[in-house]
Amino acid sequence: MAHGMLRLVAARGRLLHSGVSGKVCDICRAQGRLFSSSRPVRDKQQQPPPRGIPYTKLTVGVPREVWQNERSKRQLWICFRVALSPAAAATLVKKGFNVQVENGAGALASFRDDDYAAVGAKVTGNAYDSGNPPWCSGLADKIRDIEHSVEFVVPDIVLKVRQPLEQEVAKFRELSTLISFLYPAQNKLIIDQLVPKSMTLFGMDCIPRISRAQVFDALSSMANVAGYRAVIEAANHFGRFFGGQITAAGKVPPAKVLVIGGGVAGLAAMAQAKHMGAIVRGFDTRATVREQVESLGAEFLEVEFKEEGESAGGYGKEMSKEFIEAEHALFARQAREVDIIITTALIPGKKAPTLLLKEHVELMKPGSVIVDLAAEMGGNVETTKPGEISVHKDVVHVGLTDLASRLPAQSSTLYGNNISKFLLSIGQFHWLNLCRVVNLKIVEKESLNPQILKDMCGKGHFYINLEDEVVRGSIVLHEGKWLWPPPPPPSTAPTVAAAPVAAAKDQVPPSPPNYFNRTLTDSLIYTGGEDRPSVGLHAAGQTPCGLNILLARPPVGYTYCWPDLLRCKHAAGQIPYGANMLLARSPTVQTCCWPDPLRFDRCFCPLQGIGGALGLGLVSPNHAFTTMMTTFGLAGLVGYHTVWGVTPALHSPLMSVTNAISGITAVGGLVLMGGGYVPGTVPQVLGSTAAFISFINIFGGFVVTQRMLDMFKRSSDPPEHNYLYTIPLAAFMGTYGYGAMAGDYPEIHNMAYLVSSLCCVGALAGLSSQKTARLGNCLGIIGVSGGIAATLGHLGPANPVLAQMAGCMAVGGAIGSTIAKRIEITDLPQLVAAFHSLVGLAAVLTCVGTYIHEFPNFATDPAANVVKTATFLGTYIGGVTLSGSLVAYGKLQGVLNSAPWLIPGRHQINLGLGLANLGAMSWYFMEPTLNNGVSMLLTTSALSTIMGVTLTVAIGGTS
C-alpha cells in the first residue's frame with residue numbers, strides 16, 4: 001500500500017499495526033490511550049484536557065425576530081419565524097446549554113412560552129423594544145403587554161433567523177457569538193459594526209454544500225417551504241382550477257405551470273403544482289437537474305445552446321451571453337403558452353439574474369400569475385416589485401419576500417433543527433478531521449475506539465476549529481476578524497506536468513470503448529458472479545468480491561483488521577475480520593475478505609449470479625432452506641428496488657414487460673396438460689388452450705417492449721450486444737437441466753423458481769430508468785423462460801405430452817411475435833391492452849380446468865376450500881381483466897369512443913353485479929357437486945366480464 005497507510009484495529013486491548021508503526025506510536029503517545037482499550041496508558045492527569053468551553057457554562061439566547069420594513073426604513077416589523085422550536089430547545093438543554101427564550105418569541109409560530117419552559121428553557125423579559133406590525137396588531141399587542149418580570153441576560157451565543165439590524169447591534173455583548181442568516185456580501189456595513197465588539201459570526205447561508213453539512217442546510221429548508229408556498233400563492237391569485245375537470249357545465253383544462261430553476265425551491269414548487277393537477281414544466285441551466293425534474297412527472301425544457309450551468313459548489317452560475325439569448329427565446333415561447341410562472345434562480349453572493357423581460361411578461365395571457373422567489377435579491381422578473389403584489393398588463397406579480405414566514409410553524413421547526421445541529425457540530429471534532437490531524441489516508445469511524453473519539457473530539461464543549469471545513473466555510477467573523485470569504489477547497493486532482501506543445505501532435509487518441517467486452521463481462525457477472533478466477537481471493541490492492549461468508553475467529557498467529565468498508569482494499573498477508581466473514585489461511589500475496597458493498601448496484605440480487613444461486617440448490621440440505629432463501633431473496637430485492645420511481649417516459653414499456661411476465665399463467669395451463677400428442681379430457685383441453693394463448697402474450701409482450709425501447713434509441717447511442725445475455729440463460733438451463741435430469745437434487749426446482757422470480761422482479765426494476773431498461777427486458781425473458789423450464793422439469797411429462805406442450809409454445813409464440821413485429825409503432829400501447837386480455841382469458845380457463853381436475857380430491861383434501869376459493873377468485877379476476885382490457889383496447893384503437901360512457905345507474909349496476917358474484921360464490925360452496933361448481937364458475941365469469949365492461953367504459957378522455 002502507499003506510504004503513510006495506517007490500519008486502526010481493535011484486538012485484546014492492544015493496538016495492532018503493520019508497516020507504519022512509527023505513526024501509530026506517535027498517536028498513542030499524544031492521546032495516552034490505545035485505540036482498542038478504554039484502559040489508560042498514563043495517568044489521567046497527564047491527558048490533555050478537552051478543548052473549548054463546556055456547554056454547561058454557556059448561555060444560548062433566542063430573541064424575538066424583527067426585520068426592516070421595505071417601505072419604511074424606520075418601522076420594525078415582528079417576524080413570524082423563531083430560531084428555535086421547543087423541540088430543538090429541548091435538544092440543547094439536554095446537551096447542557098442554558099437556553100433562554102424571549103417571551104413571545106415563538107407566539108406567531110404557534111409556540112407558546114409554556115412550551116419552552118416545559119423543556120427546560122428559561123423564558124426571559126423583552127430584549128428588544130420593537131414596533132408592531134399593523135397587519136397583526138392584536139397578537140402583537142398581546143406580546144407587548146406581557147410583564148417583563150424576568151431580566152434578560154445577554155447570552156454568550158445568540159441564535160437568530162434574519163441578520164441583525166442597526167437597532168440590535170448595541171444589544172450584543174463583546175466576544176459573543178451570533179449564528180443566523182447573514183448574507184455577508186449584501187450586509188457588510190452591518191457586520192462591520194459588530195467588528196469592534198470582537199464577535200464571532202456564523203452565517204447559516206454560508207454553510208458549504210457537502211454531504212456532512214446537509215443536516216445544517218437551512219437555505220434548502222427555507223427554500224423547500226418557499227417553493228411550496230409559492231404554488232399556494234399562485235393558486236390564490238389564479239382565476240381557475242389547477243387540475244383539469246370534466247363537468248356538466250363543460251370541460252376545464254388544467255393549468256400550465258412553468259418553474260424556472262431546479263433547486264430545492266423549484267423542485268418543491270414542481271411537486272406541489274403536480275399534486276394539484278397542473279401540467280408542469282421545469283427549466284434549469286444544470287444538466288444534472290433533468291432527472292430530478294422528470295422524476296416528479298414534470299417536463300424538462302432545454303435550450304438549443306449547450307453550456308453547463310453548475311458551479312463548483314453545486315449552485316447555478318452566470319451563463320454566457322449566447323446562452324442567455326437562447327434562454328430568452330425559450331421563455332418567450334413558453335410565456336405565450338403557460339398560465340403560471342414561478343422563478344427561483346439565485347446566484348450566491350450576487351444580484352438575482354433577470355430571466356423574464358418586460359416583453360416576455362406582456363406576452364402572457366390576461367389573468368396569468370408570476371411568483372418571483374428571488375424578489376428579495378432583486379428578482380428574476382424585470383417587472384417584479386420586491387415585497388409587493390403588483391399587476392402589469394393584467395399579469396399578477398407576487399414579489400413577496402417572506403414566503404417562508406407565511407408557514408411559520410413549519411419553517412421554524414426546520415430551521416430550529418438546522419441551527420441546533422450546527423451549533424452542536426461546532427463543538428465536535430469530526431472523525432474525518434481526525435484523519436487530517438494524524439495524516440492518515442484511510443481510516444474508518446468504526447475502526448476507532450469510541451472513548452478515544454470522545455476524548456479527541458471534545459464532546460460537550462464549544463470549540464471553534466478552523467480546520468473543520470464546515471466551520472471554516474460558514475464563519476464570517478472570528479473574534480472581530482473577517483474570515484469571509486473562505487479559501488477555496490484544495491483540489492484533489494493530481495498535478496500533471498505540462499507537456500511540450502510539440503508532443504501534443506504525437507499523442508494517440510484514446511481507443512473507443514469495446515462495448516462487446518463490456519456486455520460480455522456484464523453477462524458473465526449475471527451467470528456466475530464476479531468475473532474473477534478465484535472467488536473470495538484477490539491480490540493486494542485489488543477490490544475483492546465473493547460469497548465466502550461464514551463467521552469464524554482468525555487462526556492462531558494471524559492478525560485481523562477492519563478494512564476500508566468502501567473499497568475493501570488492504571495489504572497482502574492480512575485477513576480482515578468482521579461479521580459474516582470466512583477466515584481461511586490465504587496464499588502469500590492473496591487474502592480473503594468481505595465483498596465490496598458498492599458492487600450491489602445492478603437490477604439483480606446479491607446472490608452472485610445465476611450459477612451461484614443454482615449452486616445453492618445443489619447443496620441445499622432440505623426444503624426449508626430453499627423456502628427461506630426464497631423469502632429472503634424476494635423480500636430483500638423487492639424492498640430495495642421499490643423505493644425507486646419509474647421514469648414517466650417508460651410507463652408504457654413497463655406495462656408491456658409486466659404484461660409479458662403475467663403471461664406466466666402458462667404454467668397453470670402446462671400443469672393441466674396431458675393425454676398424449678393431443679389432450680384427452682376437458683381439463684386437458686382447457687389447460688392446453690390457456691397455455692397456447694399465454695404464450696401468445698409472452699412472446700408478443702417482450703417483442704412489444706423491445707420495440708417501445710427502440711423508440712428512445714438515438715443514433716449516437718453506443719452499440720448493443722443484448723444477445724450476450726443468452727449466456728446467463730444458457731447457464732440457467734444447463735445447470736437446472738443437469739440437476740433435474742440427475743434426480744439427486746430435489747431442491748433444484750425450488751431454487752430455479754427463486755431465480756426466475758428474482759429475474760422477473762429485476763426486469764421491473766430495470767424498466768425504472770432508460771439506462772437499464774433493455775437489461776430489464778432481457779431479465780424478464782430469462783425469468784419467464786426459467787419459470788417455464790422449472791415447471792417442465794418438476795412435472796417430468798412423457799414425450800408425447802412434452803411434444804404437445806412444445807407445439808403450443810411454438811405456435812403461440814410465433815403468432816404473438818408476428819403480431820408484435822408487424823403492428824404499427826403508434827398502435828403498440830393498445831396492443832399491450834389486447835395482449836393483456838389474453839391473460840384474463842387464460843386465468844378463467846385455468847381456474848375452471850383446475851376445479852374439474854381437482855374435484856375428485858375435494859372430499860379428502862384438507863385444503864379443498866383453499867383450492868376452491870382460489871379458483872373462484874381467479875375466475876372473477878380473469879373475467880374483469882378480459883373484458884376491461886378489450887374495452888381499453890377499443891378506446892385506444894378508436895374502435896370505441898374514447899370519451900367516458902357514464903351509464904345511468906352504473907353504480908347500482910356494479911353493486912348488483914358484485915352482490916350477484918357473492919351469491920354465486922355462496923352457492924358454489926353450499927352445493928358441493930361438480931355440475932354446480934362448474935356452473936357457478938361460468939356464472940361468475942359472465943358476471944365479472946360484464947362488470948369489467950361497466951367499470952372500464954366510464955374511463956376515458958375527450959371524444
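User: How many aromatic pairs does the rule count?

Analyst: This is a predicted model, where local features need pLDDT of at least 70, side-chain atom pairs count only at pLDDT 80 or more, and totals for chains, interfaces and linings use all residues. Residues are numbered from 1 along each chain as its sequence is written, and side-chain values use heavy atoms, leaving out hydrogens and water. Rings of Phe, Tyr and Trp (its six-membered ring) pair if their centres lie within 6.5 Å; planes under 30 degrees apart count as stacked, over 60 as edge-to-face and the rest as tilted. The count by this rule is 15 aromatic pairs.

User: Why is the pair of Y55 and F97 classed as it is?

Analyst: A pair of aromatic rings is described by the distance of the centres and the angle of the planes. For Y55 and F97 the centres are 4.2 Å apart and the planes stand at 25°, so the pair is stacked.

User: Are Y55 and F97 buried or exposed?

Analyst: Buried means under 20% relative accessible area, exposed over 50%, and partly exposed in between (1.4 Å probe, protein chains only). Y55 has a relative accessible area of 2% and F97 one of 3%. Y55 is therefore buried, and F97 is likewise buried.

User: Which residue lies over the face of Y924?

Analyst: Y924 belongs to a cluster linked by ring pairs, together with Y851, F855, F858, F872 and F925. A charge sits over a ring if NZ of Lys or CZ of Arg is within 6 Å of the ring centre and within 35 degrees of the ring normal. At 5.7 Å from the ring centre of Y924, the residue is K868.
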